[in-house]
Amino acid sequence: MRNVIRRVTTMTFTFLLQSPPLPISPSPPQFSLSSSPLSKTQRFITPSQGSRLRTLCTKVIIPNMQDSGSPPLSYLTQREAAEIDETLMGPLGFSIDQLMELAGLSVAASIAEVYKPEEYSRVLAICGPGNNGGDGLVAARHLHHFGYKPFICYPKRTAKPLYTGLVTQLDSLSVPFVSVEDLPDDLSKDFDVIVDAMFGFSFHGAPRPPFDDLIRRLVSLQNYEQTLQKHPVIVSVDIPSGWHVEEGDHEDGGIKPDMLVSLTAPKLCAKRFRGPHHFLGGRFVPPSVAEKYKLELPSYPGTSMCVRIGKPPKVDISAMRVNYVSPELLEEQVETDPTVQFRKWFDEAVAAGLRETNAMALSTANKDKKPSSRMVLLKGFDENGFVWFTNYESKKGSDLSENPSAALLFYWEILNRQVRIEGPVERIPESESENYFHSRPRGSQIGAIVSKQSSVVPGRHVLYDEYEELTKQYSDGSVIPKPKNWGGFRLKPNLFEFWQGQPSRLHDRLQYSLQDVNGNPAWKIHRLAP
C-alpha cells in the first residue's frame with residue numbers, strides 16, 4: 001500500500017506506466033505612454049514564507065560543498081524525500097496540486113533570479129509524464145507571466161485531470177507545444193534556457209524513448225563550451241534527469257546543468273552538482289516537519305520563493321558584458337526641447353514598471369574640486385529645472401554652497417537608457433520647500449528633523465530614541481515645523497545627453513547643449529561617438 005500511495009502523492013515522482021499521448025497542439029512554433037503637458041509652475045513628484053520518525057533515518061548533514069563557510073545543510077535520500085512528501089500530503093493536509101504549484105513557482109522564480117528575460121527570453125521546458133513534468137508545466141506558465149517566451153515539449157502526456165488542466169492553462173496563454181520531431185536539430189539556435197523537468201527523485205531504471213534521446217541532446221550541448229558559440233543554459237528541476245538520486249552522475253556522462261533547483265530539501269545527488277547556480281525552492285516545509293526530520297535548511301529572504309544555496313560563483317568581471325538591443329535613437333525623431341524629450345523617456349520608464357524611476361545619481365564637487373556622488377530622488381522638473389530635497393548642511397549641501405554646479409544621471413536598465421544632465425544649482429524658494437515638506441508623510445517629516453544628515457551618530461538607538469520622542473510630541477496631529485536647514489535645490493540644465501544602448505557598443509548618444517544664437521539661448525543637438 002505504501003508504494004501505491006507514494007506513486008500517487010510524491011511531488012516529483014515520474015510515472016513508469018506510460019499513458020497514451022494526448023493530441024499535440026496543432027500550432028507548433030515557427031522558429032526562426034502617454035505624456036502629460038508641462039505646467040508653467042514647478043511640478044513635484046509627490047510621495048506616494050501522521051508518520052513517525054524512522055529510527056533508520058540516514059540523514060546526511062554536511063557543509064555546503066560550494067561554500068565551506070556555509071551553515072550545515074541537509075541532503076535527503078530517496079526514501080526520506082518520499083516520506084516527507086507523504087507527511088505533507090497526509091497529516092498536514094497539502095494536496096498534490098498545491099505542492100506542484102509551489103514547486104513550479106519556485107523553479108520559475110529561481111530562473112528569474114539569474115537569467116533575465118531581456119537576454120534569456122526563449123525557454124524550452126522538456127516535461128516528463130509524472131510530477132516532475134508537472135512542475136515544469138507550472139514553471140512554464142509562471143515564466144510566461146514573468147515576460148519569457150516559453151515552449152513546451154511534452155511527449156508522453158498524462159491523462160489525469162491535474163495534468164490536462166495544466167495543459168489547458170498553457171493553451172489559454174497561447175504557449176506553444178512542440179513535438180520531439182519538430183524540435184530543431186541544434187537547440188542552441190532557438191533557445192536560451194532549457195528546463196529539464198523529465199524525471200524526479202522517484203524515477204528508477206534507464207530512461208526510455210524519447211527521453212533517452214532528449215537527455216543525449218542536452219548532454220551534447222555541453223560540447224559548445226569548447227567553442228565560441230553560445231549554448232543555452234540548462235536548468236534541472238530537483239534532480240538532473242538520468243542521474244541516480246543518491247549517487248548522482250556516477251558514470252560522468254550525464255547532463256551537467258548550469259542551475260539546479262532542489263525542491264523541499266536537496267537530494268543526496270545534489271552534493272555532486274558542480275554548476276554555478278544551486279537554488280532551493282518549495283517554501284512550504286512547516287517547522288514540525290523540519291524538526292521531526294532534523295532538516296537543516298536555509299531561510300528564505302523576504303517574500304522570495306527560492307533561496308540560493310552557497311555563494312554565487314566567482315565571476316571574471318572583465319568578461320561581464322551585455323549586448324544591448326534597442327530601437328535607434330535618431331536626431332530627426334527626438335524632441336527639439338530636451339526637457340520635453342526627458343519627459344517622454346521618463347513617462348516610458350514609468351510605464352515599463354521600473355522601481356523608483358526618479359532615482360538619480362547626483363554628483364557634486366567642493367571648493368577643492370573633490371567630487372562625490374550619491375543617489376537621490378528627483379521630486380519635480382519642468383522648463384525651469386530639476387528639483388530634489390535634502391539637508392542643506394549635508395555633504396552635498398556643503399559642496400553646493402562652495403561650488404554651485406552639479407551633474408545628474410538617470411539609468412533605466414530595462415530600456416537600455418541613461419540621461420546625463422549638467423548645470424548650475426540654486427536653492428528653491430523657501431515657500432516651495434515648505435509646501436513640499438508638509439506634503440510628505442508625517443514620519444518622513446519627523447525623520448528630517450531627527451537626521452543631522454552626514455554628521456557622526458553615536459549609534460542607531462540615538463536616532464530611534466529621538467524619533468520616538470518627537471512622534472509622541474506631535475501625536476496630536478499638530479503641524480510639524482520644517483527644519484530651517486532643510487529644503488530643495490534646483491539644477492538649471494545647460495547640457496543634456498540621451499544614451500541608448502546598441503549592439504557591438506555602437507551606442508546612440510545625442511547631446512543637447514545650450515548655445516547663444518543671435519543673442520538668444522537655443523538648444524543644439526550633436527551626435528557623440530559611443
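Predicted model: local features only at pLDDT ≥ 70, side-chain atom pairs only at ≥ 80, totals over all residues.

**Exercise 1.** Determine which residues bring helix 3 and helix 5 into contact, and classify the packing of the two helices.

*Solution.* Begin with the residues. On the side of helix 3, Ile96, Asp97 and Met100 take part, and they meet Leu162, Tyr163 and Leu166 of helix 5. By class, this contact of helix 3 with helix 5 comprises 5 nonpolar residues, 1 charged residue and no polar ones.

Next, consider the geometry. Two packed helices are described by the angle between their axes and by the distance between the axes. For helix 3 (residues 96–114) and helix 5 (residues 161–172), the axes come within 11 Å and cross at roughly 40 degrees. Angles under 35 degrees count as roughly parallel, and 65 to 115 as roughly perpendicular. Helix 3 and helix 5 are therefore oblique to each other. The crossing of helix 3 past helix 5 is right-handed.

**Exercise 2.** Carry out the corresponding analysis for helix 11 and helix 12, starting from the angle between them.

*Solution.* Helix 11 (residues 442–450) packs against helix 12 (residues 460–473) at an angle of about 130 degrees, and their axes are 10 Å apart. Helix 11 is therefore oblique to helix 12. As to handedness, helix 11 and helix 12 cross in a right-handed sense.

The contact itself joins Gly443, Ile446, Gly447, Ile449 and Val450 of helix 11 to Leu463, Glu466, Tyr467, Leu470 and Thr471 of helix 12. Sorted by class, the residues of this contact are 6 nonpolar, 3 polar and 1 charged.

**Exercise 3.** Describe the second largest pocket by its volume and its lining.

*Solution.* The space in the second largest pocket amounts to about 520 Å³. Its lining consists of 26 residues, and those nearest the centre are Gly205, Pro207, Gly242, Trp243 and His244. Helix 6 (residues 211–221) supplies the largest share of this lining, with 4 residues. The lining residues comprise 11 nonpolar, 11 polar and 4 charged.

**Exercise 4.** Which peptide bond is cis, that of Pro209 and Pro210, and where is Pro210 found? What is the phi value of Asp238, and in which loop does Asp238 lie?

*Solution.* Pro209 and Pro210 are joined by a cis peptide bond, with omega about 0 degrees. Pro210 is located in the loop between strand 5 (193–197) and helix 6.

For Asp238, phi is near 70 degrees, which is a positive value in a residue other than glycine. Asp238 belongs to the loop between strand 6 (233–237) and strand 7 (259–263).

Terms used. Residues numbered from 1 in each chain as written. Heavy atoms only, no water. Axes fitted to C-alpha atoms, helices over the stretch in contact; angles between N-to-C directions. Parallel < 35°, antiparallel > 145°, perpendicular 65-115°, else oblique. Left-handed = near helix turned anticlockwise from the far one by under 90°. Contact = heavy atoms within 4.5 Å. Nonpolar A, V, L, I, M, F, W, Y, C, P; charged D, E, K, R; others polar. 1 Å grid on protein atoms, 1.4 Å probe; cavity = no way out; pocket = protein on both sides within 12 Å on 5 of 7 lines; lining within 4 Å. Points joined across faces, edges and corners; volume = space filled by probe spheres on them.
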